[in-house]
Amino acid sequence: MSTIFKAMICNAVVVSAVESKDIVNSAIRIHKLSPVAAAAMGRALTMVALMGKEFKNKEDYLTAVIDGGGPLGKLTVCADGDGHVKGDIENPVAETVVKADGHLDVGGAVGKNGTLTVIKDIGLKQPYVGTSQLVSGEIAQDFAYYFADSEQQPCGVTLGVGLNRKRCTSAGGVWVRILPNCPQELLDKIETVMYAMDEMSYQFEGSTAQEVINRFFGEFQPVFTESSEVCYKCNCNKRKINRIVKSLGKEEAIGIAEEMGHVEVCCHFCGRKYVYDRDALEKLFK
Ligand SMILES: [Zn+2]
């Protein structure tokens, strides 16, 4: 289980942070991710965990699609208002390239010739859809640019995933939003702190998100306003999969069952398999 903490600084800056090691390890286990895929998806899941925390209702839902044209292919991550995230990636075993500075080349694997699209469904007639160009494919910068460009929300984002072979050893993220009333002097100081926030995965090693916020922003006396738990959990269920199978049409579905012995639908987000034999299909299409 991972925990999100949220704090207010001088009523002018909102800081939220999440320690997300368990989320990243769930993603690695489900998708059998290569290290660079784990870093990319881990960062993106960490970000949407923070964004999901902003929803007012449990049913509110967001999907972020990062499509940069790199070897990882399209990366999709989702979060609801109830502390659940999930993700899917086109090429989970993309080859891991290490840069000269020793870091994984996440930007190269994601690619930056493309877009970040965020779809928010908060129960209105139409979901809100925002899109921005990718800046670097390193995920944190891309989200920061998205917020500034598409939601007119100046902010800083820093995300980190630390890996040892195929395990995540530490991970987390910090999201700093500047409110319109923020005085320039405070903004300058916050920017200086943000600039020094490096190697984020190490910052979360053995530290809670609250400790990380205090470590960087303690001098501003942050007032902690909220904390909540978040985990990797898929919301697929039999009812949803029934709908997908029904959309095949009776003839097609029965045809597959006759050829293969059954119809099998595998959820891309959690790997759960739904199997329909001939009898089940007859019942479904009755
Ligand atoms: Zn699922």
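Let me begin with a term: a residue counts as buried when its relative accessible area is under 20%, as exposed when that area is over 50%, and as partly exposed in between. Glu54, with a relative accessible area of 28%, is therefore partly exposed, and I will come back to this residue in a moment. Please keep in mind throughout that the structure we are looking at is a predicted model.

I will take the overall layout before the details. The domain assignment divides the protein into domain 1, residues 2-232, and domain 2, residues 238-284, and the centres of these two domains, taken over C-alpha atoms, lie 35 Å apart. Where they touch, domain 1 contributes 8 residues and domain 2 contributes 4 residues. Together the two domains bury about 430 Å² between them, and 65% of that area is on carbon and sulfur atoms. On the side of domain 1, Ile30, Lys86 and Asp88 supply 69% of the area buried against domain 2, which is more than any other three residues supply. Between the two domains the count of salt bridges is 0, although the structure as a whole holds 11.

Let us now look at some of those salt bridges. Arg177 and Glu54 meet through their side chains, at 3.1 Å from N to O. Arg177 lies in strand β9 and Glu54 in the loop between α2 and β3, so this pair ties together parts of the chain that are 123 residues apart in sequence. Glu54 is partly exposed, as I said, whereas Arg177, with a relative accessible area of 10%, is buried.

A second pair is Lys6 and Glu226, whose side chains meet at 3.7 Å, again from N to O. Because Lys6 sits in strand β1 and Glu226 in strand β10, the pair joins parts that are 220 residues apart in sequence. Here Lys6 is buried, at 11%, while Glu226 is partly exposed, at 34%. Both pairs belong to one network of salt bridges, which links Lys6, Lys53, Glu54, Arg177 and Glu226.

Finally, which residues coordinate the zinc ion? They are Cys234, Cys236, Cys267 and Cys270, each through its SG atom, at 2.2 to 2.4 Å. The angles among the 4 donor atoms run from 102 to 117°, and the site is tetrahedral; for comparison, the ideal angle for four tetrahedral donors is 109.5 degrees. In sequence the donor residues follow the spacing C-x1-C-x30-C-x2-C. Cys236, in the loop between β10 and α8, and Cys267, in the loop between β11 and β12, are 31 residues apart, and Cys236 is buried at 14%, as is Cys267 at 10%.

Note on methods. Residues numbered from 1 in each chain as written. Predicted model: local features only at pLDDT ≥ 70, side-chain atom pairs only at ≥ 80, totals over all residues. Heavy atoms only, no water. Donors = N, O, S within 2.8 Å, 3.2 Å for Na, K, Ca; no water. Tetrahedral: all angles 85-135°; square planar, octahedral: opposite > 155°, others 65-115°. Helix = DSSP H or I, 4+ residues; strand = E, 2+ residues; numbered from the N terminus. Buried < 20%, exposed > 50% of the residue type's maximum accessible area, 1.4 Å probe, protein only. Domains from an automatic or database assignment. Contact = heavy atoms within 4.5 Å. Buried area = accessible area lost by both parts, 1.4 Å probe. Salt bridge = Lys/Arg side-chain N within 4 Å of Asp/Glu carboxyl O.
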